[in-house]
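Biologist: I would like to learn how to read ligand sites in a model. Please take one feature at a time.

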Amino acid sequence: MKILSVAVCSALFLNFSLANSELIEKAKSFGLVALPKDKTSLEKFIEESAQDSKVYPTTQARVELGKMLYFDPRLSKSGIISCNTCHNLGYGGADNIPASTGHKWTPNPHHINAPTVYNSVFNSVQFWDGRAAHLAAQAAGPMTAEPEMASSPQRVEEIIKSIPEYVKFFEKAYNKGVDIDFDLITATIGIFERTLVTPSRFDDFLNGKENALTKEEKAGLDLFIEKGCVSCHNGVNLGGSMQAFEVVSKYKFANIGDFKGDKDGMVKTPVLRNIMLTAPYFHNGAIWDIEEAIKEMGSIQLGIEITDKEANSIASFFKSLNGKMPKITYPILPPSTKQTPKPELDY
Ligand code: HEC
Ligand code: HEC
C-alpha cells in the first residue's frame, strides 16, 4: 500500500514537472522569448537589440551622461519638463494618466497615452504608429514637440554647450572636441535607455526555473497562448511590433482622440512587461482596469468573448511580468551659467 502511494505520488509529481517543461516549450514555440539569465549575455543581447549600437556602442560614461540628460528639465523650453516627467522611472516608466500632458499643461492633441520606456530598447519600432526606428531617433521627437518639451534642436545644443561640465562629460564619453549636436545628444539619451531593462519571474520560468511562477500564473500563461494573444504579443517584449488593430470589431473607446495607427491602420503592439504598473491602457488611455483591457482585446482583436474568470487568470500571469527595476541614482545636474538660455514659460 505504502509502495503504491509513493508510486502514485511520484507519478503525479513527474506529470506535474513534465507539464511545466511542456509549458515552457510551448511558450517558446509560440514565440515568447526570455531575457538571458547572466549579466554578460544580457548585455550582449541588449547591444544586439539596440539598432543604433553599431554607430554608438554603449559605454559607462555615455550611460551616465545620458541619464543626466534624461533627468534634465532644461532640455525643455519651460525648464520644468524632462523625459522623466512623462516616463517616470519610479512609476513604471510612464506618466500613468490618460493623455500625456506637457508644455503649458497641453494634453497630447491626439489624446495619446505615454508608453513605458522600460524595455523599449527591444521594440522593433518606437511610438504607437511605429514612426521611429530606434531610441535615438525617438528622443528627438518629444524634445521638439510643442505639446511635450516644446524646445528646438538649436536651443538644446546651446544649453548643453553653455555648461562647461556638460561639454567635459561629452568629451569624456566621446572624444576631445566632439561636435555636441542634437543627434549626439539624443543618441546619448538613447544609450541610457538601453539600461532600462527589467528581468522578471517570467524570464526565470522560461529559462527553466519551474517554480518561478505560481500555479495561477502558469494557467494564465497557458490561456494567453491558447486564446491567441501570442500571435501579436510575442518576442522578448510580448509586443513591440506593428500589428493590425480592430481586426474583428471596433474598439469601444475609438471616439476618444483621433489616433488611427500608421498609414495602413497598424498600431505598435504595447510591451506587456510591467503592464500591471502602467494603467491606463490602450493608445488613448481610456481603460483603467486590466481585466477590462484583456476582455476588450479578445473582442476587437480575436472575436472571442473572454470571461471574467479567464481575464482574471491572464491578469495573474501579467503579474509575473513585473520586473526587477534597475537601481537608479538620481543624477546631480551641472549648474547653468550666464550663457545658458533662460526658461521660457510662455505665461
Ligand atoms: C509630455 C510628455 C512626454 C515627454 C516630456 C516625453 N515623452 Fe516620450 N512619449 C510620450 C508620448 C505621449 C509618447 C507616445 C507618442 C506617440 O506614439 O505618438 C511617447 C513615446 C516615447 C517612446 C516610445 C516608446 C514606445 O514603446 O513606443 C520613448 C522611448 C520615449 N517616449 C522616450 C522619451 C524620451 C527619451 C524623452 C525625453 C527626451 C521623452 N520621451 C519625453 C510622452 C512624453
Ligand atoms: C492582432 C494582434 C493582437 C492580438 C491577437 C492581441 N493583441 Fe493586445 N494589443 C494589440 C495592439 C495593436 C494593441 C494596442 C491597441 C491600441 O491601444 O491601439 C494591444 C493592446 C493590448 C493591451 C493594452 C496595453 C497597453 O499598454 O495599453 C493589453 C493589456 C493587451 N493588448 C492584451 C492582450 C491580450 C490578453 C490578448 C489576448 C486575449 C491580446 N492582447 C490579443 C495587438 C493584439
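Modeller: Start with a polar contact, a pair of N or O atoms within 3.5 Å (within protein, one must be able to donate a hydrogen and the other to accept it, and residues adjacent in sequence count only if both atoms are side-chain atoms). In this predicted model, a nitrogen atom of ligand 1 has a polar side-chain atom of histidine 87 at 2.8 Å. The backbone takes part too: a polar backbone atom of phenylalanine 127 lies 2.7 Å from an oxygen atom of ligand 1. Glutamine 138 places a polar side-chain atom 3.0 Å from a nitrogen atom of ligand 1.

Biologist: Which elements give two or more residues to the shell around ligand 1?

Modeller: Helices (H or I, at least four residues) and strands (E, at least two) are DSSP runs, numbered from the N terminus. Here the elements are α4, β1, α5 (135–144) and α8 (182–193). Helix α5 gives the most, with 5 residues.

Biologist: What conventions lie behind these values?

Modeller: Residues are numbered from 1 along each chain as written, while chains are lettered from A and ligands numbered from 1 in the order written. As the model is predicted, local features need pLDDT of at least 70 and side-chain atom pairs pLDDT 80 or more, whereas totals for chains, interfaces and linings use all residues; side-chain values use heavy atoms, without hydrogens and water.

Biologist: How many residues surround ligand 1, and which are the closest?

Modeller: A residue is near a molecule if one of its heavy atoms lies within 4 Å of it. Ligand 1 has 29 such residues, and Cys83, Cys86, His87, Phe127 and Lys268 are the closest. The shell has 15 nonpolar, 10 polar and 4 charged residues (Ala, Val, Leu, Ile, Met, Phe, Trp, Tyr, Cys and Pro are nonpolar, Asp, Glu, Lys and Arg charged, the others, Gly among them, polar).

Biologist: What does the protein donate to the iron atom of ligand 1?

Modeller: Donors are N, O and S atoms within 2.8 Å of the metal (3.2 Å for Na, K and Ca), and water is not among the atoms, so sites may look incomplete. The iron atom of ligand 1 has a single protein donor, NE2 of His87, at 2.0 Å. Histidine 87 sits in the loop between α4 (83–86) and β1 (101–102).

Biologist: Which residues coordinate the iron atom of ligand 2?

Modeller: They are His233 (NE2) and Met297 (SD), at 2.1 to 2.2 Å. Histidine 233 is in the loop between α10 (215–226) and β3 (242–244) and methionine 297 is in helix α11, so the pair ties together parts 64 residues apart in sequence.

Biologist: Is histidine 233 buried or exposed?

Modeller: Buried means under 20% relative accessible area, exposed over 50%, partly exposed in between (1.4 Å probe, protein chains only). Histidine 233, at 11%, counts as buried, while methionine 297, at 24%, counts as partly exposed.

Biologist: What else contacts ligand 2?

Modeller: Histidine 283 has a polar side-chain atom 2.6 Å from an oxygen atom of ligand 2. A backbone N or O atom of phenylalanine 282 is 2.7 Å from an oxygen atom of ligand 2. By class, the shell has 18 nonpolar, 6 polar and no charged residues.
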